Amino acid sequence: MLRGGIGKTKMNNETEEYKKNHDDPMRCGTITYTKVGLAVMFGWMLWGIFWFAMMNFQLIPNLLPLSLKEFKASNAMIGLLVGSLPAAINMVLNPIISFRSDRTRSKWGRRIPYLLATIPFTTLFLILMGWTPNLAAGLSRLLPFELSAPQLGLGLIAVFSLGFQFFNMFAASVYYYLFADVVPEKFMGRFMAAYNFSGSLAGFLFARFILPFAENFDNLKWIYTGVSLFYFITFMLLCWRVREGQYPPPSDAAERSGFVAGVKLYFRECFSLSYYRWFFLGTAINAVSVICRTMFNVFFARENLGMDMAAYGKALSWGVLTGLVLVLPLGMAVDRFRPIRVHLFGTALVVVVNALGFFMIQSETSFIVFTVLLGVVYVLQQVSNVPMYVELLPKERFGQFCSAQAMVQSVILIAANYGGGLFMDWTGDYRYIYVWDFMWTTLALVALVIVFRGWKKYGGTKDYVAPMDHVGQASGQAD
């Protein structure tokens with residue numbers, strides 16, 4: 001990665017810091033926790049995860065398609081605004097945010113400043129999305145030219161979605177990196193189990209108690225507003241109460257040589273090894289596999305099976321509740337069997353459940369059964385996903401490598417989200433969400449098996465070392 005005395009000094013400092021963290025389980029970087037301090041940090045981080053998941057993984061994928069459908073948007077348009085638009089923003093912003101946040105130094109740390117600066121705007125645009133019908137109705141009467149409220153509403157919600165996705169990308173990029181900066185390594189497995197429990201609890205409560213109110217379109221604005229305000233308050237308090245440690249000044253070639261050298265260094269470090277290229281591709285394709293279910297599962301339940309929103313919410317809640325029960329023991333399984341093994345096993349089961357679901361779901365009861373089964377197999381992927389990133393990617397460049405994965409994923413998702421909408425328009429049957437998931441998960445499984453072989457090559461269970469040295473420090477050669 002680095003040449004010369006500066007690089008060696010930095011490596012020695014990082015090695016010394018690693019030894020300190022390894023010897024003291026209550027230490028993370030320059031932070032040493034008491035038991036009470038560790039519990040308080042866990043509490044704030046998990047409360048933040050709850051509202052982050054409520055907004056990003058429940059409200060947006062479940063309610064934004066309904067809002068767009070009310071304005072007569074096609075499935076392709078829904079795919080464009082719900083999936084392709086954020087993927088395009090992610091492709092451009094995530095590498096920049098991640099690269100710069102790794103190298104940011106402030107009294108607030110290197111991640112928290114990005115949260116403080118952008119979350120107020122994220123909240124504002126999310127609230128405006130909920131009130132779009134009211135704004136469109138009022139503006140359509142004031143315009144000097146004729147434009148119907150649905151047409152104006154579709155335009156407004158597209159603009160508000162763009163604003164929301166732009167500012168939300170900052171939090172979505174750096175919040176996960178904060179885990180590695182404030183959670184002691186010895187507690188990471190338990191933290192990630194609690195993380196998944198908190199996110200699953202948000203999903204259960206949303207599906208069981210909030211989603212039924214979405215049957216009445218007039219309630220959507222209050223759901224958007226309530227979730228947005230709780231999200232805002234939670235993260236402002238989190239930024240105040242959770243403290244990052246101190247970091248050594250950045251001292252790599254990117255800082256010394258400017259923007260162009262930084263770009264070259266970024267791509268050389270992240271993409272020279274085929275091992276990381278397969279990792280980026282496999283995880284990106286796995287994200288593609290769920291886009292049709294994310295956007296159109298509600299329409300499969302309503303139009304194919306005749307379920308109302310209350311019944312659909314209860315079905316989802318049973319799937320989430322199953323994951324909620326399993327997440328803590330599966331978190332311990334991840335620590336024992338290694339994240340990549342658990343992730344591969346879960347991915348293989350996703351393929352099987354989707355193949356069976358396409359043929360066997362014919363009623364509300366069978367939909368509930370397979371929703372529970374999907375809850376089980378998806379939670380295997382969820383509990384092992386972030387630990388797999390932490391284990392496989394170089395820790396000193398964790399944000400940078402995560403951003404490279406996000407960039408690859410975004411490039412694919414830009415086309416795949418719109419393509420998923422076209423696929424649904426072409427088939428005319430929302431049942432084919434199972435076919436879409438089956439095909440893409442199978443491809444992801446192949447790529448991740450190749451990654452697994454590379455993981456064993458670089459040390460496996462006992463001796464794995466993320467192969468940064470091969471990239472630029474010594475030889476600068478790709479494998």
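Analyst: One term before we start: a residue counts as buried when its relative accessible area is under 20%, as exposed when that area is over 50%, and as partly exposed in between. Also, this is a predicted model.

User: Fine. Where does F280 fall, buried or exposed?
Analyst: F280 has a relative accessibility of 0%, so it is buried.

User: Which helix is F280 in, together with Y276?
Analyst: Both lie in helix α11, which covers residues 274–289. Y276 and F280 are 4 residues apart, about one turn of the helix. Y276 is buried because its relative accessible area is 1%.

User: Back up a bit. How many helices and strands are there in the chain?
Analyst: The chain has 19 helices and 2 strands. Its radius of gyration is 23 Å, close to the 23 Å that the globule rule gives for 479 residues, so the chain is as compact as a globular protein of that length.

User: What box do the C-alpha atoms fill?
Analyst: Along the principal axes, the box is roughly 65 × 50 × 45 Å.

User: And what share of the residues is buried?
Analyst: Buried residues are 55% of the 479 in the chain. The accessible surface comes to about 20,400 Å², and carbon and sulfur atoms account for 67% of that.

User: What share of the contacts is between residues 24 or more positions apart?
Analyst: Such residues account for 84% of the contacts, counting those with a separation of 6 or more.

User: Now charges. How many salt bridges does a search of the whole structure find?
Analyst: The search finds 6. As background, side chains of opposite charge can pair when their charged atoms come close.

User: Start with E269. Which residue does it form a salt bridge with?
Analyst: The partner of E269 is R397, and their closest N and O atoms are 3.7 Å apart. E269 is in helix α10 (residues 259–271) and R397 is in the loop between α15 and α16, so the pair ties together parts that are 128 residues apart in sequence.

User: Is that pair at the surface or buried? I mean E269 and R397.
Analyst: E269 is buried, because its relative accessibility is 0%. R397 is buried as well, with a relative accessible area of 4%.

User: What about D437, what does its side chain meet in a salt bridge?
Analyst: The side chain of D437 meets that of R293, at 2.4 Å from N to O. D437 belongs to helix α17 (residues 433–457) and R293 to helix α12 (residues 291–304), so this bridge ties together parts 144 residues apart in sequence. D437 and R293 are both buried.

User: And E391, which side chain does it meet?
Analyst: E391 meets R338 in a salt bridge, again with 2.4 Å from N to O. E391 sits in helix α15 and R338 in the loop between α13 and α14, so the two tied parts are 53 residues apart in sequence. E391 is buried, with a relative accessible area of 10%. R338 is partly exposed, at 23%.

User: Which residues do salt bridges with shared partners join into one network?
Analyst: D102, R110, R111 and D181.

User: Switching to rings. How many aromatic pairs turn up in the whole structure?
Analyst: The search finds 45. One of them is F52 with F235, a tilted pair with 6.4 Å between centres and 50 degrees between planes. F52 is in helix α2 (residues 35–70) and F235 in helix α8 (residues 220–241), so the pair links parts 183 residues apart. F52 and F235 are both buried.

User: And Y276 with F280, is that pair stacked or tilted?
Analyst: Stacked, at 6.5 Å centre to centre with 25 degrees between the planes.

User: Which residues are in the aromatic cluster with F52?
Analyst: F52 and F235 are in one cluster with F42, F57, Y175, Y176, F179, F191, Y195 and Y231.

User: What does Q405 touch?
Analyst: Leaving out residues up to four places away in sequence, Q405 touches F279, F280, T283, A284 and Y389. Q405 lies in helix α16 and is buried, at 5% relative accessibility.

User: Last one. Which residues make the nonpolar surface patch?
Analyst: V352, L356, F359 and M360 make a patch of about 410 Å². L356 is in helix α14 and is partly exposed, with a relative accessible area of 42%.

Methods
Residues numbered from 1 in each chain as written. Predicted model: local features only at pLDDT ≥ 70, side-chain atom pairs only at ≥ 80, totals over all residues. Heavy atoms only, no water. Salt bridge = Lys/Arg side-chain N within 4 Å of Asp/Glu carboxyl O. Buried < 20%, exposed > 50% of the residue type's maximum accessible area, 1.4 Å probe, protein only. Patch = residues over 30% accessible without salt bridge, like charges linked within 9 Å, V, L, I, M, F, W, Y side chains within 5 Å. Areas by Shrake-Rupley, 256 points an atom, 1.4 Å probe, with all protein chains shown as cover. Rg over C-alpha atoms; globule rule 2.2 N^0.38 Å. Contact = heavy atoms within 4.5 Å. Phe/Tyr/Trp six-rings, centres within 6.5 Å; stacked < 30°, edge-to-face > 60°.
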